[in-house]
Amino acid sequence: MAQPLRIAYSPCPNDTFVFHAWTHGLLPGAEAPEVLFADIDVTNGLAERGELELLKVSYAALPWLLDQYALLPCGGALGRGCGPLVLTRPGDSGDLSGRRIAVPSERSTAYLLFRLWAATAVPGGLGEIVVLPFHEIMPAVRDGRVDAGLVIHEARFTYQEYGLAKLADMGEAWEAATGLPIPLGAIIAKRSLGAARLRELAAAVRGSVEAAWADPAASREYVLAHAQEMDPAVADQHIGLYVNEFTAELGAEGYAAVRALLTRAAEEGLVPALAPEALAFP
């Protein structure tokens, strides 16, 4: 028998909400895949090693992946008002020059946005960059183990519970500079599957998104079971922020946002330059 399709995404509410219908066999004609839950830094690494057929990765990692993987036009996370935040302890000077900063990954969109912002906002240059799992970053800032932290996901809604202050919003800086939505997480699938299979997978992802919107209650138990003890109200905010029209279809504006991010990052020497047709879907 053929092995089931293997996919990987995070346990965050937006991913479990989006993929619930597909992974639970609720889409007619679409076989349920085998799921691996992992943080984005782990899925980026899995993709670099070509270990799974379909994954949620950082848009920032695409320049290293698009020779082996194709970007699917649906299922990912882009949006407005949903950018990563830079947090410090209250009363901090706010000058990050030479300071120790915790980030969730050095191949994350959050980190690219942070570096693009810091190029002008931190003229003295950043100090040590420390990679931590995203749920460890706020405690590290609170406890003084790092001077500031770059946070993502539900931390937007919970950082004040840790007694922290917002220094800057990377999404606000990006939107002010470009007018475009913020590209965060991408769905990619192996090119070796072939164009027809890739189109089938995109249809399954899109169908799963539409099923989630049609019956939000169906995924509720699955979402909360993987939400790391998250308050249900926060989970709802998380889904509302990260699952939007770009999740169903990137569209012209979504593709423009992705290309703008990676082009600007390449100009700063942060990522390799993209080939002209690298983002094209078969």
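This is a predicted model: local features need pLDDT of at least 70, side-chain atom pairs count only at pLDDT 80 or more; totals for chains, interfaces and linings use all residues.
Local features are given for pLDDT of at least 70 and side-chain atom pairs for pLDDT 80 or more, whereas totals for chains, interfaces and linings use all residues. Numbering runs from 1 along each chain as its sequence is written, and side-chain values use heavy atoms, with hydrogens and water left out.

**View 1. Thr-43 in helix α2.** Helix α2 covers residues 40-48 and includes Thr-43 (helices are DSSP runs of H or I, at least four residues, and strands are runs of E, at least two, numbered from the N terminus). Thr-43 has a relative accessible area of 1% and is buried (buried is under 20%, exposed over 50%, partly exposed in between, with a 1.4 Å probe and protein chains only). The side chain of Thr-43 comes to 2.7 Å from the backbone oxygen of Lys-56. Beyond its neighbours within four places in sequence, Thr-43 contacts Ala-8, Ala-38, Leu-55, Lys-56 and Val-57 (contact means heavy atoms within 4.5 Å).

**View 2. Glu-48 and Arg-107.** Glu-48 also belongs to helix α2. Its relative accessible area is 42%, so Glu-48 is partly exposed. The side chains of Glu-48 and Arg-107 form a polar contact at 2.7 Å (a pair of N or O atoms within 3.5 Å; within protein, one must be able to donate a hydrogen and the other to accept it, and residues adjacent in sequence count only if both atoms are side-chain atoms). Leaving out residues up to four places away in sequence, Glu-48 touches Leu-65 and Arg-107.

**View 3. Ser-58 in strand β3.** Strand β3 contains Ser-58, which is buried at 2% relative accessibility. Residues up to four places away in sequence aside, Ser-58 touches Ile-40, Asn-44, Arg-107, Ser-108, Thr-109 and Leu-184.

**View 4. The largest cavity.** The structure has two cavities of 30 Å³ or more, and the largest holds about 250 Å³ of space. Its lining has 19 residues, and those closest to the centre are Ile-40, Ile-152, His-153, Leu-184 and Gly-185. Elements giving two or more residues to this lining are α1 (13-23), β3 (54-58), α3 (109-121) and β11 (182-190). The largest cavity lies between domain 1 (6-80 + 181-268) and domain 2 (85-178), because both give residues to the lining; the domain bounds come from an automatic or database domain assignment. A cavity is a set of points on a 1 Å grid over the protein atoms alone where a 1.4 Å probe fits but cannot get out, and lining residues have an atom within 4 Å of a point. Grid points are joined across faces, edges and corners, and a volume is the space filled by probe spheres set on the points.

Definitions and conventions:
On a 1 Å grid over the protein atoms alone, a cavity is a set of points where a 1.4 Å probe fits but cannot get out, and a pocket is an open set with protein on both sides within 12 Å along at least five of seven lines; lining residues have an atom within 4 Å of a point.
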